[in-house]
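Biologist: Can you walk me through this one? I'll ask as I go.

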Amino acid sequence: MYGNAYIDPNQQHSILEGEDMEKLAAFEARIAQGDKIEPHDWMPKEYRKQLIRMIEQHAHSEIIGSLPEGTWITRAPGFRRKLALMAKVQDEVGHAQLLYAAAETLGKRRESMINDLISGKSKYSNVFNYPAPTWADSAVIAWLIDAGAIINQVTNSKGSYGPYCRALDRICAEESFHLKYGHDNVVFLATGTKVQRQMVQEALTRWWPPIMHFFGPPDKSSVHGEILMRWKVKMASNDDMRQQFMNMYVPKIWDLGLQIPDPNLRKNEQTGKWEYTEPDWNEFKRVINGDGPCNAERLAVRRTAEERHRWVRRAILGQGVEYVTPLA
Amino acid sequence: MEYTEKHVLALKELLYKMADDQLILGHRNSEWTGLGPILEEDIAFSSMAQDKIGQAQALYEILHELGEGEPDTVAFMRNAEQFHCCHLVEIPIGEYDFSLLRHFLFDRAEQIRFDMLAQSSFEPLAQVARKFRGEIKYHVMHADVWVKQLGKGGAESHGRMQDTLNSCFPMALGIFEPGPYEAELIEAGIFPGELALRNKWIEAIRPVIESAGLRLPDQFDDTSAYGGRYGSHTEYLQPLLDEMTEVFRIDPAAEW
């Protein structure tokens with residue numbers, strides 16, 4: 001599961017500075033005709049930089065995202081849910097492994113990415129900085145956050161960088177099971193006892209603003225953004241993905257008799273677009289910059305895991321094991 | 001031979017302790033999700049945890065067919081003193097060396113247990129044991145590789161592994177605490193008994209321990225970790241159960 005890459009619209013310098021224009025034209029022509037770019041192909045510096053950032057953020061999101069749900073593995077009610085949730089969260093960690101490998105093909109090592117995560121230099125999806133205080137929160141995450149992630153990832157899987165697209169294809173196949181698990185879980189709660197119904201309604205109310213934040217703020221048009229679209233690094237606007245999400249899931253949420261905490265939410269039949277109250281984008285920025293309810297806790301858990309086990313990595317790397325960059 | 005009432009009691013006791021071991025260790029192993037020393041180990045411990053929880057469920061299912069409660073009820077509604085697991089599986093995950101050595105010592109015993117049970121006179125158990133053998137094989141391979149790597153992974157790693165083995169080993173002997181019906185299990189051809197299992201286990205782990213450059217402690221008759229098979233547990237089991245059943249107990253009659 002994952003949120004959107006955050007592209008700074010205010011970047012000042014030209015991202016094409018110093019590039020070989022002839023090679024750039026050939027590169028853009030390949031992308032325009034639908035070719036995939038592979039690790040050893042020529043690519044502009046900014047393309048490499050953006051992809052490393054995107055794939056790395058995505059990988060971090062998977063590993064950090066395993067924490068809020070992971071705490072419910074030990075509390076899952078009954079064998080069926082316990083086994084399913086274990087398998088689901090294991091998939092998420094597997095996605096991190098796959099994505100770090102995809103990012104490594106661009107020249108940054110996993111260890112260095114993880115160091116940037118725990119030092120706070122790299123970002124991850126904002127949504128994982130919110131708490132999951134009840135079992136129903138874990139159900140809402142598994143259904144709706146994974147649903148958002150699928151929309152985002154299916155879109156990005158049509159991008160131009162081969163290793164990332166292939167990783168996303170596999171990830172999406174697994175995420176579709178998570179979505180079924182999450183939906184089934186929410187259905188049981190929403191059609192269950194009074195206590196269960198209340199629990200799931202409260203979880204949805206808590207998670208609605210982070211879900212609206214999930215695809216990122218409305219894109220401002222910028223030269224930078226246009227180039228990334230042309231290079232098929234960015235594949236759709238944040239608003240388009242948000243609309244697609246609402247189109248697919250708002251009716252399903254309503255069908256279950258759940259209330260979405262936004263009195264202005266409705267589909268405009270003339271435009272075919274959903275109208276809604278803009279979520280608090282100042283809060284979004286605050287949380288991205290480290291001041292959310294769980295940022296410190298999430299990073300502390302990850303940092304402790306890294307530090308406590310440094311001896312294990314030293315022990316296995318000390319045995320003449322040579323590091324090899326994955327090819328694809 | 002026809003099972004007597006006592007044979008059935010013996011069989012249930014065996015099934016309960018096996019299922020409880022698997023459930024509790026599976027639960028513990030799942031606690032590594034998101035926290036492992038490398039991502040690959042998060043994933044490996046989660047796989048093993050899923051196998052163990054699945055095995056527990058299958059064993060509770062056999063118990064259910066023998067007249068005991070539903071697997072969910074049996075797993076999620078008992079208190080600590082009603083559990084028959086050994087102390088080793090109850091201990092919190094601690095550092096990676098502890099979790100790894102527990103996995104090594106326990107899973108090798110399970111592998112031999114399943115080998116023995118594959119010949120059991122109680123066919124439903126023999127059947128699942130044959131299935132579990134296919135899963136436990138990989139757990140044992142995983143443990144052996146890591147024990148060897150870390151045993152030979154330099155002074156710090158070697159030192160940790162030896163210290164932890166020394167403290168873990170007496171606890172592992174609690175796996176083989178004889179139950180109240182050993183004679184009946186042997187007589188009915190259900191299971192050859194805990195002492196036979198323990199002796200084979202020592203033979204099996206010794207060469208791996210030695211090839212990891214480690215030394216096997218030699219107090220094979222240490223009974224300090226006995227008690228689990230009779231409902232006497234460490235202080236860690238009840239809090240684990242409280243956590244595991246927290247949601248289920250909100251409304252045990254509800255469908256989750």
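Biologist: In chain A, what share of the contacts with a separation of 6 or more comes from residues 24 or more positions apart?
Modeller: That share is 80% in chain A, where a contact means two C-beta atoms, placed from the backbone, within 7 Å. This is a predicted model, in which local features need pLDDT of at least 70 and side-chain atom pairs count only at pLDDT 80 or more, while totals for chains, interfaces and linings use all residues. Residues are numbered from 1 along each chain as its sequence is written, with chains lettered from A and ligands numbered from 1 in the order in which they are written.

Biologist: And which percentage goes with chain B?
Modeller: For chain B, residues 24 or more positions apart account for 76% of the contacts with a separation of 6 or more.

Biologist: What secondary structure does chain A have?
Modeller: Chain A has 12 helices and 2 strands, taken as DSSP runs numbered from the N terminus (helices are H or I with at least four residues, strands are E with at least two). From the N terminus the order is α-α-α-α-α-α-α-α-α-β-β-α-α-α. Chain B has 10 helices and 0 strands.

Biologist: What radius of gyration does chain A have, and what would a compact globule have?
Modeller: Chain A has 20 Å, which agrees with the value near 20 Å for a compact globule of 328 residues. The radius is taken over C-alpha atoms, and the globule rule is 2.2 Å times the number of residues to the power 0.38. Chain B, with 256 residues, has 18 Å and also agrees with its globule value, near 18 Å.

Biologist: Where is the kink in helix 6 of chain B?
Modeller: The kink is centred on B:Gly134 and is about 35 degrees, the bend being the angle between axes fitted to the seven residues ending at a residue and the seven starting there.

Biologist: What do the buried residues of that helix pack against?
Modeller: The buried residues of helix 6 of chain B pack against helix 12 (310-317) of chain A, and within chain B against helix 2, helix 5 (96-117), helix 7 and helix 9 (194-211). Among those buried residues are B:Phe132, B:His139 and B:Trp146.

Biologist: Last one, on A:Lys232: what is its phi?
Modeller: A:Lys232 has a positive phi of about 55 degrees, although it is not a glycine. Most residues other than glycine have a negative phi.

Biologist: Where is A:Lys232 found? Buried or exposed?
Modeller: A:Lys232 is in the loop between helix 8 (223-230) and helix 9 (238-255) of chain A. A:Lys232 is buried, because 20 other C-beta atoms lie within 10 Å.

Methods:
Buried ≥ 20, exposed ≤ 12 C-beta atoms within 10 Å, placed from the backbone.
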